[in-house]
Amino acid sequence: MTHHDVVVVGAGLAGLAAARELAIHGVDVQVFEAADASGGRVRSDFVDGFTLDRGFQLYNPAYPEAARVLDHEALNLHPLTRGMDIVRSTSTGRAVLRLADPRSPGNWHTSALSRAAGTITGKARFAAYARTVARLSGHQFDERVDEPAQVALARAGVDATMIDHVIRPFLTGVFLEPHLMTSRRFMDVVLASFVKGTPSLPRAGMQAIPDQLHDALPAGTVHLATPVHRLTPASIETDSGTITASVVIVATDATHASALLEEAGLTTELNTVTNSVTTWYHAVATTSLPEPLARGRSVITVPDKRSGPVINTVPLTYAVPSYSPDGQILISSSTLGVDDSTEVAQAVQGHLQFLYGAETSGWELVAHYPIHDALPSMRGPLTVAESGEHGPVILAGDHCATASIQGAMISGRHAADAAFRRLGVVRPDDRRIAV
Ligand SMILES: Cc1cc2nc3c(=O)[nH]c(=O)nc-3n(C[C@H](O)[C@H](O)[C@H](O)COP(=O)(O)OP(=O)(O)OC[C@H]3O[C@@H](n4cnc5c(N)ncnc54)[C@H](O)[C@@H]3O)c2cc1C
C-alpha cells in the first residue's frame, strides 16, 4: 500500500495552494482530482479562437494571499476598464449613469455620481466605509461583527438610493444573490480589493491561474481523473486502491466534502447551500459594432434594477484582445440561476439590447455555461473555520473562508499550516502573513 505524508482531495485553487505550500517545504504530498484537469471552478475552454472561461470571473491582483503566491507577470494580467455603467429605464427610454471609477472611494462622493445614485452624505459615508475596510488586513476582517451586507451598509449610514441603484446592482454579480444578504465580511474583503486593485484577466484565460500552481508542483504530484470515493482520517480510496497518509486534506466544494465526511462517519455541519449563475458569451463582428460598443471600453454594465435577466455584461475583448479572433468582440453576460432555456436566451438578447442601447439580434451566441454550484452561499453572519481543522481531517476550500479566489487560496494555506503542525514540521522560511 502506498503511503504519503499528506494527500489532498481536489485540485481546485484551495487544494493546489495547500499542496504548493507543503511541497515547497519538502513535505511528500499527492493530490487526487476527479476532473480531467486542475482548476475546479476556474477552467477555460478554447473554441474557434475564443477564450471562454467556464463562468465569467475576474482576478483581482490585490488579493493578498493570491498575490503572495502567484507570479503576476507570468499571468500577463489585463485589467478591465475601471468604472461601471448603470443603465436605468426612463420615461423616454433609457439613461446611463457612468461611474468614472467606483473602485476609488474618492469618486463615490464627487460629481462623478449624479443625484440619481443617492445623497452626497450617503455617498460620503460609503466612501468612508470603503476606506475603512481597505485599511483592514488579515484577522481584522474576521474580528468585525458579522451581519448581512445590507444591514451593515444601512448601519454605516449609506442611503437607500445608493444601496439600491449602485451597490446592489454591482454586488449582485459578485455574490450571485440579489438581496445583499451575504456576509458583510465577504463584502468587506471584496470592497477592500476593489479599492486597492483593478479586476483583471490573464492573457491566456482564467485557467492560467490553476495551471501556474499545478506546474509549480513536482511532476506527478497531481493525479487527474482520479475521484476519491471514500476516506478515513488516515487514508483515501480511489479506483486504483487505498492510499494511506499521515494527514488527509479535503479540498473539495462543501457538498462533496460533506458527503465524504458523512460516509466516513465523521460529523459535519458544512454549509452546502450554493448560489448559481449562467454565463452567456456572444460574439459581435467589429464591422457592425453599435456605437456604445465601439468605444473600446471593457467596462462592466449593470441594470440599476431588475429590468431583465442580465445582472452584468462586459465586452471582454477590449481588456484582453486574445480572448476573441480578429474581427470579433466577445461579450460576457451573466444571469442568476441555471435556466438556459430558449426563452431565457431570447430574454438575454433582448435585455442586452436595452443595456447596450443597440440592436443585438445579429449577435452570435458562441457558448453558455450554466453553473449550478458557482459560489457557496455566504449568508451573514458567517462562522469562519479558522484553521481548516475539522476533527481528524483538515478541510480547505472557499466555503471555509470567502467565496473567492482569495478565499480558496487562503484556506489552502491554513490547511497546509494545520498539516505542518500535525506532522511536526517547523519551517525555516516561515513567510507567513496574517490574512
Ligand atoms: C461563475 C463563477 C464566477 C466567479 N467569479 C469570481 C470572481 O470574479 N472573483 C473571485 O475571486 N472568485 C470568483 N469565483 C469563485 C472562485 O472561482 C472559487 O471561489 C474558487 O475557484 C473555489 O476554489 P476551491 O478550490 O475552493 O473549490 P473548487 O474549485 O470547487 O475545487 C474543488 C475540486 O475538488 C474536486 N473534487 C470534488 N470531489 C472530489 C472527489 N471526490 N475526489 C477528487 N476530487 C474531487 C473538484 O473536481 C474540483 O476540482 C467565481 C466562481 C464561479 C463558478
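Predicted model: local features only at pLDDT ≥ 70, side-chain atom pairs only at ≥ 80, totals over all residues.
Helices (H or I, at least four residues) and strands (E, at least two) are DSSP runs, numbered from the N terminus. Residues are numbered from 1 along each chain as its sequence is written, and side-chain values use heavy atoms, with hydrogens and water left out.

**The chain as a whole**

- Along its principal axes, the box filled by the C-alpha atoms of the protein chain is roughly 70 × 50 × 40 Å.
- A compact globule of 435 residues would have a radius of gyration near 22 Å, and the protein chain agrees because its own value is 22 Å. That radius is taken over C-alpha atoms, and the globule rule is 2.2 Å times the number of residues to the power 0.38.
- Of the 435 residues, 56% count as buried. Here buried means under 20% relative accessible area, exposed means over 50%, and partly exposed is in between (1.4 Å probe, protein chains only).

**Around the ligand**

- There are 33 residues around the ligand, and E33, R41, Q57, Y63 and D398 come nearest. A residue is near a molecule or strand if one of its heavy atoms lies within 4 Å of it.
- By type, the shell divides into 19 nonpolar, 10 polar and 4 charged residues. In this scheme Ala, Val, Leu, Ile, Met, Phe, Trp, Tyr, Cys and Pro count as nonpolar, Asp, Glu, Lys and Arg as charged, and the others, Gly among them, as polar.
- At least two shell residues come from each of α1 (13-24), β17 (364-376) and α13 (405-423). The largest share, 3 residues, belongs to β17.

- S404 takes part through a backbone N or O atom, 3.2 Å from an oxygen atom of the ligand.
- On its own the ligand has 1000 Å² of accessible area, and the protein covers 90% of that. Such areas come from the Shrake-Rupley method with a 1.4 Å probe; for residues, only the protein chains shown count as cover.

**Backbone spots to look up**

- Most residues other than glycine have a negative phi, and most peptide bonds are trans.
- D48, in the loop between β3 (44-47) and β4 (50-53), has a positive phi of about 50° although it is not a glycine. D48 counts as exposed because its relative accessibility is 68%.
- A225 also has a positive phi of about 50° and is not a glycine. Its loop runs between β9 (222-223) and β10 (230-232), and A225 is exposed, with a relative accessible area of 55%.
- The peptide bond from G380 to P381 is cis, with omega near 0°, and P381 is in the loop between β17 and β18 (389-390).
- G380 and V145 are 235 residues apart in sequence, yet 10.0 Å apart in space, C-alpha to C-alpha. V145 lies in the loop between α6 (140-143) and α7 (149-155).

Notes:
Polar contact = N/O pair within 3.5 Å; in protein donor to acceptor, adjacent residues only side chain to side chain.
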